[in-house]
Amino acid sequence: MSSHALIDRYPTRTAGPAPHLERIDPTVWGEIGTPALSNFESDGFAILDDLLEREEVADVAAELGRMTRDPELMLDERVVIEKGSNRVRSIFEVHKLSAVISNLVRESRIAGLARQVLGSEVYIHQSRINYMPGLRGAGFYWHSDFETWHAEDGMPAPRAVSLSIALTDNYPFNGSLMVMPGSHRTFVPCQGETPDANYRNSLREQEIGVPSEADITELANKHGITQFTGRAGSALLFDSNIMHGSSNNITPFPRSNLFIVFNSVENTLTAPFAAPAPRPTHIGNRDFRPIA
């Protein structure tokens with residue numbers, strides 16, 4: 001494991017079971033001016049209906065189609081293929097691959113949401129489009145994003161938010177994201193040493209950096225589970241430490257979303273806290289210049 005100059009306030013990837021840790025840092029660092037975010041402090045997430053207009057959803061969906069038809073891009077490391085099929089699971093760094101997406105995520109109605117919560121200028125830590133095809137789409141097991149970003153990217157504190165914008169209708173039955181309201185106040189250490197280049201497997205199916213079944217049961221019994229559903233163009237803004245996941249999609253209705261992670265410029269990455277080396281920059285961006 002790498003040596004680290006900073007004190008690790010959220011130790012994880014431990015050799016054995018470790019107790020849950022009460023979050024040390026605030027959830028909201030700034031002033032909330034958007035009514036839809038009024039419960040973000042207590043819940044750790046907010047649903048924003050119709051964040052994008054229908055035409056904007058169509059423009060982003062067209063960009064997704066263009067990228068998935070690009071044979072050269074399909075050979076790029078930024079494209080993750082489903083473990084059980086030859087279908088696209090995720091495309092990373094989409095704000096650099098698409099001018100349409102780049103312009104969209106910089107708008108104040110999008111990046112401004114992150115600035116309100118994080119109380120500072122922000123930069124894009126990660127961007128991707130997740131695609132869950134119909135009938136065989138694989139879900140994402142329960143996890144906290146911050147646990148991975150802390151362990152493998154070197155993010156010091158959970159001063160980051162994710163914005164998931166639905167590009168297709170999200171139904172209760174096609175693998176829509178589930179969150180545990182209030183679980184963002186608890187950090188759950190995970191067990192097991194991080195292998196070299198763990199991201200190559202974890203982006204397809206995460207096995208290291210996931211909580212135990214007992215952890216999930218305890219948090220679910222305490223906080224309950226809420227599901228994000230809504231029309232294409234609706235969005236979910238959620239705290240980096242909230243416990244979330246999605247089930248497989250066995251319906252014929254595919255689900256895709258644009259996923260943008262905003263990190264505070266006052267929370268920039270250091271050396272990984274529990275991994276041999278940082279992940280590639282298309283997964284954990286190390287250009288900390290604030291977005292304009």
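The protein chain holds eight helices and 13 strands. Its radius of gyration is 18 Å, close to the 19 Å that the globule rule gives for 292 residues, so the chain is as compact as a globular protein of that length. Please keep in mind that this is a predicted model. Here is a tour, from the whole chain down to single residues.

**The chain as a whole**
- Taken along the principal axes, the box filled by the C-alpha atoms of the protein chain is roughly 45 × 45 × 40 Å.
- Of the 292 residues in the protein chain, 55% are buried.
- Among contacts with a separation of 6 or more, 85% are between residues 24 or more positions apart.

**The seven-stranded sheet**
- Seven strands form an open sheet with antiparallel pairing, in the order S2-S11-S7-S13-S5-S4-S3.
- At the edges sit strand S2 (45–48) and strand S3 (79–81), each of which pairs on one side only.
- On average, and ignoring direction, neighbouring strands of this sheet are turned by 15 degrees against each other.
- Helix H2 (residues 54–68) lies across S4, S5, strand S7 (160–166) and S13, and runs at about 105 degrees to S4.

**Strand S5 and its partners**
- Strand S5 covers residues 122–132, and ten of its eleven residues are buried, so to speak mostly covered.
- On one pairing, strand S4 (residues 88–92) runs antiparallel to S5 over three bridges.
- Within that pairing, phenylalanine 92 has arginine 128 of S5 as its bridge partner.
- S5 also runs antiparallel to strand S13 (residues 255–264), and ten bridges join the two.
- There, tyrosine 131 has serine 256 of S13 as its bridge partner.

**The four-stranded sheet**
- Another open sheet has four strands, in the order S6-S12-S8-S10, again with antiparallel pairing.
- Its edge strands are strand S6 (140–143) and strand S10 (226–227), and each pairs on one side only.
- Inside this order, strand S8 (residues 178–179) and strand S12 (residues 244–246) pair in the antiparallel sense through two bridges.
- If you look at valine 179, you will find histidine 244 of S12 standing opposite.

**Helix H6**
- Helix H6 (residues 145–153) is largely enclosed by the rest of the structure, because nine of its nine residues are buried.
- At the start of H6, serine 144 brings a side-chain oxygen to within 3.3 Å of the backbone nitrogen of phenylalanine 146.
- Just after H6 comes glycine 154, with a positive phi of about 85 degrees.

**The nonpolar cores**
- The largest nonpolar core has 38 residues, and Leu163, Leu237, Leu258 and Phe262 have the most contacts inside it.
- Helix H5 (residues 108–118) gives the most to this core, contributing six residues.
- A second, separate core has 17 residues, including Phe45, Tyr123, Ile242 and Val261.
- Apart from neighbours within four places in sequence, phenylalanine 262 is in contact with several residues, among them Val105, Ile110, Ala111, Ala114 and Leu118.
- The contacts of phenylalanine 262 also include Val122, Tyr123, Ile124, Ala160, Val161, Leu163 and Ile291.

**A closer look at asparagine 174**
- You will find asparagine 174 in the loop between S7 and S8.
- The relative accessibility of asparagine 174 is 0%, so this residue counts as buried, the cut-off being under 20%.
- The side chain of asparagine 174 reaches the backbone oxygen of aspartate 169 at 3.3 Å.
- The side chains of asparagine 174 and serine 176 are joined by a polar contact of 3.4 Å.
- Leaving out neighbours within four places in sequence, asparagine 174 is in contact with Met132, Asp169, Asn249, Thr251, Phe253, Pro254 and Arg255.

Note on methods. Residues numbered from 1 in each chain as written. Predicted model: local features only at pLDDT ≥ 70, side-chain atom pairs only at ≥ 80, totals over all residues. Heavy atoms only, no water. Buried < 20%, exposed > 50% of the residue type's maximum accessible area, 1.4 Å probe, protein only. Pairing = 2+ DSSP bridges. Polar contact = N/O pair within 3.5 Å; in protein donor to acceptor, adjacent residues only side chain to side chain. Axes fitted to C-alpha atoms, helices over the stretch in contact; angles between N-to-C directions. Contact = heavy atoms within 4.5 Å. Core = buried A, V, L, I, M, F, W, Y, C linked by side-chain atoms within 4.5 Å. Rg over C-alpha atoms; globule rule 2.2 N^0.38 Å.
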